[in-house]
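Please look over the sequence and the structure below. A short report follows.

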Amino acid sequence: MRRNGAFALVFNGIFALFMVAPLVVVIGVAFTPEGYLEFPPSGLSFRWFQAILDNPDFIEAAWISLELGVVSATLATAFAVPAALAIGRGRFAGREGMQALFLSPLTVPTVVLGIAFLRFLSLFDINGTFVGLVLCHAIIITPFILRLVLASVAGLDRSLEKAAISLGASDWTVFRRVTLPLILPGVVGGWVLAFITSFDELTVTVFIVNPSTTTLPVRLFSHITQTTDPLVASISTVVILFTVLLMVVLDRLYGLDRLLMGEGAR
Amino acid sequence: MSFLDLRSLTKRFGDISAVEDFSLSVAKGEFVSLLGPSGCGKTTTLQMIAGFINPTSGSMILNGKNLAAIPARARGLGIVFQTYALFPHMTVAENVGFGLEMRKVPKAERKRRVAEALDLVHLSHLTDRHPQAMSGGQRQRVALGRALVIQPELLLLDEPLSNLDAKLRDEMRLELRRIHKEAGVTTLLVTHDQDEAMALSDRVAVMRQGRLEQVDTPFEAYEGPRSTFISGFLGKTNTLRGDLLETTESGSRFRREGLILDGPVAHHIPGPVEVCLRPERIDLVEADEALVSGIVSERIFLGNQWLFRVDTPLGELMICRRNRGRREAEPGETVHLSWKPEHLRILPVEVQG
Ligand SMILES: Nc1ncnc2c1ncn2[C@@H]1O[C@H](COP(=O)(O)OP(=O)(O)OP(=O)(O)O)[C@@H](O)[C@H]1O
Ligand SMILES: [Mg+2]
């Protein structure tokens, strides 16, 4: 590999610092013994981690976010994989239109989406319900999965599927035994990105939750609009830890760069 | 009736005619090559037989069955793809066993037959490897084993050797011959490599722009090309345009650039024709025996042979001579050329389309 020059090193260093600094601050603040957001912390205390346990509504919100993330990411994946296969190699009218449509949630301002979903869910009388949240999140996160799976599909050698067919495999067997295993890194990577996106989605969600379905980001947001105690910092720290763990596990299983770059199995 | 019968097979993609009125009969156990330049419709023909492309018209009969009525998955053909198309997430044994698995062959028998197939392609020692960890030649063998293990009625090979380097290609060519002999399977090979086609096949079918131009044994096709295209495609040739003056029962006479040459008996109406003369049929002789003389303009050494370009009154002629370890004419030298009249091949003028 080529060595980086001094300039690139400094530039990348500053960039990394810039990205990591907020996290360092949040984690630092979480350990403060004081009752306000203090950085650097004047001591080391687990007081605010203790406080999480005294606030069951946060824990409940975390569970809702977790469930919501898992269910909506899975739903969106189940939809995005066949869509990507169709778009990625089909040759039919409206292919590009379909792709643009499914990727559009990326480009529509989220506030607009939030208001739209609010109106839309009210029509069906499911505003504020878990089902309503799942549907909205699935729509928002579909583009993330679709893009990664599309990249995997693009790298797929069609003759592999033809080979399987010539050996007697049915369409379903071809998908299960050949296509899916080959695009799996893209699918898993997409699912993870989608899960993370759903887990910390705020802008849209604020419009469509009710008190019984409040997600963690919404709960945190409404908390800091009322008080500024370091509880939000300690919760954030736990979330960061959780995310890092997830990434480590995935890296062990599949290799992170492969997942997030959306490369097919080579 | 022949084993594989393709009749008037035609495929059009919109306005493009990829394959046009293609008819070919193949006997059981025969090895036939589809040979032709890039884009002439070889792959399209093979894919129609395989069932991945629907013919626009025409029929395909294999062993009495109408192929068009059978879906690709049920045709039971062995196919080797140009890119090998090995499943990267499966081991060699799993790759080879895939077709048997699809046929619900019991595990014990599957294992035995996979072992047999790997034995046939000389890969028994690599059963548990993954394809990524293999060389091109080894992958090629896996692909062959995978196609053969299902005991196909017909083996289809699409440029199976084109991804290999020259030395390996020669080696795999011999392997392919051996495997075909041992397995005895009727084989259709697609290639644009004339040496490959001639070395391997019982018959070569030369295609051009979607049409079948000639089907013959390699020797007959080489010696009796039906067009200057085939003559030029199968090996090297000198093509001379001129006029056929007369044909008699004992021979013919041909004129070019004011020179009159004797040729073989020809069944053409006197008039413009093209004459093909293989470079290896031209002899270097003494001046008094020469049909024509010329000056060597270029000399290429190819190891086992020499290639000369000679400027003659007839035009530039290519001459091929076996390397006998002796001194050969150098550029600038005058050489005297001769050949037997029967080595001229008189052909109709190509209509450039
Ligand atoms: N799906 C398609 N749509 C339109 N035209 C096609 C399609 N497939 C093939 N063709 C055209 O049909 C012709 C024959 O293609 P084919 O792939 O059979 O050639 P080939 O003889 O296999 O060539 P090569 O040696 O380059 O592989 C070409 O002109 C090609 O452009
Ligand atoms: Mg081809």
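How much area do chain B and chain A bury between them? About 1800 Å² is buried between the two chains, and carbon and sulfur atoms account for 67% of it. The model is a predicted one, and every value here is computed from it.

**Where the chains meet**

Chain B brings 22 residues to the contact, and chain A brings 18 residues. The count of salt bridges between chain B and chain A is 1. Arg177(A) and Glu101(B) form a salt bridge, at 2.4 Å from N to O.

**Chain A**

Chain A has 12 helices and 0 strands. Read from the N terminus, its elements run α-α-α-α-α-α-α-α-α-α-α-α. The C-alpha trace of chain A spans about 70 × 60 × 30 Å along its principal axes. Chain A holds 266 residues, and 40% of them count as buried. Take the contacts in chain A with a separation of 6 or more: 72% of them come from residues 24 or more positions apart.

**Two domains in chain B**

In chain B, 7 residues of domain 1 are in contact with 8 residues of domain 2. Together, these two domains of chain B bury about 670 Å², with 45% of that area from carbon and sulfur atoms.

The interface of domain 1 and domain 2 of chain B has 1 salt bridge. Glu223(B) and Arg281(B) form a salt bridge, with their closest N and O atoms 2.6 Å apart.

**Aromatic pairs**

Over all chains, the count is 15 aromatic pairs. Two of them are set out here.

| Pair | Centre to centre | Angle between planes | Type |
|---|---|---|---|
| Phe31(A) and Phe46(A) | 5.5 Å | 85° | edge-to-face |
| Phe87(B) and Phe98(B) | 4.9 Å | 55° | tilted |

Phe31(A) and Phe46(A) both lie in the loop between helix H1 (6-30) and helix H2 (47-53) of chain A, so their pair ties together parts that are 15 residues apart in sequence. Is Phe31(A) buried or exposed? Phe31(A) counts as buried, because its relative accessibility is 19% and the cut-off for buried is under 20%. Phe46(A) is exposed, with a relative accessible area of 54%.

Now for the pair in chain B. Phe87(B) lies in the loop between strand S6 (78-80) and helix H2 (92-102) of chain B, while Phe98(B) lies in helix H2 of chain B, so this pair ties together parts that are 11 residues apart in sequence. Phe87(B) and Phe98(B) are both buried.

Back in chain A, which residues form one aromatic cluster? Trp191(A), Phe195(A), Phe199(A) and Phe242(A) do.

Definitions and conventions. Residues numbered from 1 in each chain as written. Chains lettered and ligands numbered in written order. Predicted model: local features only at pLDDT ≥ 70, side-chain atom pairs only at ≥ 80, totals over all residues. Heavy atoms only, no water. Phe/Tyr/Trp six-rings, centres within 6.5 Å; stacked < 30°, edge-to-face > 60°. Helix = DSSP H or I, 4+ residues; strand = E, 2+ residues; numbered from the N terminus. Buried < 20%, exposed > 50% of the residue type's maximum accessible area, 1.4 Å probe, protein only. Contact = heavy atoms within 4.5 Å. Buried area = accessible area lost by both parts, 1.4 Å probe. Salt bridge = Lys/Arg side-chain N within 4 Å of Asp/Glu carboxyl O.
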